[in-house]
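Please look through the sequence and the structure shown below, and then read the briefing that follows, which moves from the whole chain to its parts.

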Amino acid sequence: MVPEKMMAAVLHGPKELKIEDVDTPRPGAGDVLVEVAANGLCHTDVTYYEAKIPEKARMYPLILGHEAAGTVVALGDGAAGLAEGDHVLLPPVYGCGECDYCQAGLDNLCRKSVFLGASRHGTYAQYVTIPAKFAFKMAPSVDMERACVAADSVSTVYYALKERVGVRPGDSVAVFGCGGLGLAALNVARELGAAKLYAVDVRDDSLEAAARLGAETVNSKGKEKLFKELKTLSNAGIRIALDCVGFAATISEAFATVCKGGEVGVIGFTLDKVELRTGNFMGLQKRIGGSWACPTRLYPEVVTMIEKGGLDFDVLVSKFYDLEQVETAFADLEAGKIVGRAVIRIPH
Ligand SMILES: [Zn+2]
Ligand SMILES: [Zn+2]
């Protein structure tokens with residue numbers, strides 16, 4: 001039986017977070033009700049918690065959380081393709097299904113995009129409703145307390161590496177920034193057939209985790225012209241670079257690092273202007289492009305990767321917190337005390 005009330009982490013204003021009882025949502029037509037098992041903790045949660053977003057995007061009260069896995073416990077009218085008891089992975093961003101972007105298979109860019117824990121209630125709660133077509137079934141053997149991080153960090157880098165820069169088997173791939181996204185990127189690049197991985201960060205503990213995924217590591221602390229070191233290390237062979245930091249300096253280093261015909265993906269966010277040697281666009285046929293979230297059509301591929309054991313969750317997830325400790329988890333993330341992802345467990 002689904003209880004009438006549920007526990008949730010509700011944001012009532014900037015840094016005003018309360019763990020409280022709220023009404024359990026009921027699945028509408030076409031929805032499923034999911035009992036949330038766990039959530040990956042994403043930096044975006046902290047951005048919303050601290051209200052570092054435009055005034056008009058703020059919405060209170062708001063249940064935070066957007067990187068979740070859980071179990072289907074009820075189906076709304078007409079909800080098809082799932083049954084009670086199914087384990088599912090929930091995409092943080094999904095679309096209306098009707099606009100030009102959705103029609104083109106890019107519902108991550110939907111004109112009426114829905115973002116869990118941001119534009120609607122999220123998953124730092126015991127239950128959440130979601131359209132059944134956006135709940136992706138996973139084998140019961142998958143450990144949801146770790147696999148939840150695939151909902152956002154893994155899917156984001158999967159889309160970026162597979163479609164936005166196009167990793168090919170045998171490629172050398174450099175990842176700038178080895179937090180939750182960067183470690184996932186190294187793991188996914190390996191699964192897409194990258195032959196050689198390079199990991200750049202300023203933290204030794206993050207680089208140790210990167211090395212466990214098979215990457216050659218470079219600590220960039222205090223270094224200028226990092227691209228020269230990377231070119232020497234790789235014999236000027238790095239074709240793909242992914243910026244997971246969002247600093248102007250790392251984006252231009254990434255662009256300088258890639259070889260002829262190289263591609264740079266940007267999934268770190270910055271408002272700063274970035275310096276790029278524009279001659280490299282035509283002269284060396286380099287490309288640079290951004291990537292945001294992951295179209296929902298790719299989730300079955302992400303689930304397959306999980307089920308095949310392609311993701312090294314022991315490296316990607318390093319710490320667990322209970323829902324009541326979510327503010328401690330935010331503080332630890334900000335203080336650089338988390339390697340890769342932390343997971344927020346939801347009690348039941
Ligand atoms: Zn996120
Ligand atoms: Zn749409």
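How many helices and strands make up the secondary structure of the chain? In this predicted model, the secondary structure comes to twelve helices and 18 strands. The chain is divided into domain 1, which takes in residues 5-152 together with 294-345, and domain 2, which takes in residues 155-290.

**Overall shape**
- A compact globule with 348 residues would have a radius of gyration near 20 Å, and because the chain has 20 Å, the two values agree.
- Taken along the principal axes, the C-alpha atoms of the chain fill a box of roughly 60 × 40 × 40 Å.
- Buried residues make up 50% of the 348 residues in the chain.

- The centres of domain 1 and domain 2, taken over C-alpha atoms, are separated by 27 Å.
- Where the domains touch, 21 residues of domain 1 are in contact with 15 residues of domain 2.
- On the side of domain 1 that touches domain 2, the elements that give two or more residues are helix 10 (299-307) and helix 11 (313-316), and the largest share, three residues, comes from helix 10.
- The residues on this side of domain 1 divide into 14 nonpolar, four polar and three charged.

**The largest nonpolar core**
- In soluble globular proteins, nonpolar side chains tend to be buried together.
- The largest nonpolar core in this model has 117 residues, and those with the most contacts inside it are V34, A69, L89, V175, A185 and L242.
- Helix 5 (residues 180-191) gives the largest share of this core, seven residues, while the core as a whole draws at least three residues from each of domain 1 and domain 2.
- Leaving aside residues up to four places away in sequence, V175 touches G182, A185, L186, A199, V200, L242 and C244.

**Helix 12 and its surroundings**
- Helix 12 (residues 326-334) has V326, A329, F330 and L333 as its buried residues, and because they cover an arc of only 100° around the axis, they are on the same side of helix 12.
- These buried residues of helix 12 pack against strand 1 (5-13), strand 2 (16-23), helix 1 (43-49), strand 17 (317-322) and strand 18 (341-345).
- Just after helix 12 comes G336, which takes a positive phi of about 70°.

Technical notes
Residues are numbered from 1 along each chain as its sequence is written. Chains are lettered from A and ligands numbered from 1 in the order in which they are written. This is a predicted model: local features need pLDDT of at least 70, side-chain atom pairs count only at pLDDT 80 or more; totals for chains, interfaces and linings use all residues. Domain bounds come from an automatic or database domain assignment. Two residues are in contact if their C-beta atoms, placed from the backbone, lie within 7 Å. Helices (H or I, at least four residues) and strands (E, at least two) are DSSP runs, numbered from the N terminus. Ala, Val, Leu, Ile, Met, Phe, Trp, Tyr, Cys and Pro count as nonpolar, Asp, Glu, Lys and Arg as charged, and the others, Gly among them, as polar. A nonpolar core is a set of buried Ala, Val, Leu, Ile, Met, Phe, Trp, Tyr and Cys residues joined through C-beta atoms within 7 Å. A residue is buried if 20 or more other C-beta atoms lie within 10 Å of its own, exposed if 12 or fewer, and partly exposed in between; C-beta atoms are placed from the backbone. The radius of gyration is taken over C-alpha atoms; the globule rule is 2.2 Å times the number of residues to the power 0.38. The arc is that of the directions from the helix axis to the C-beta atoms.
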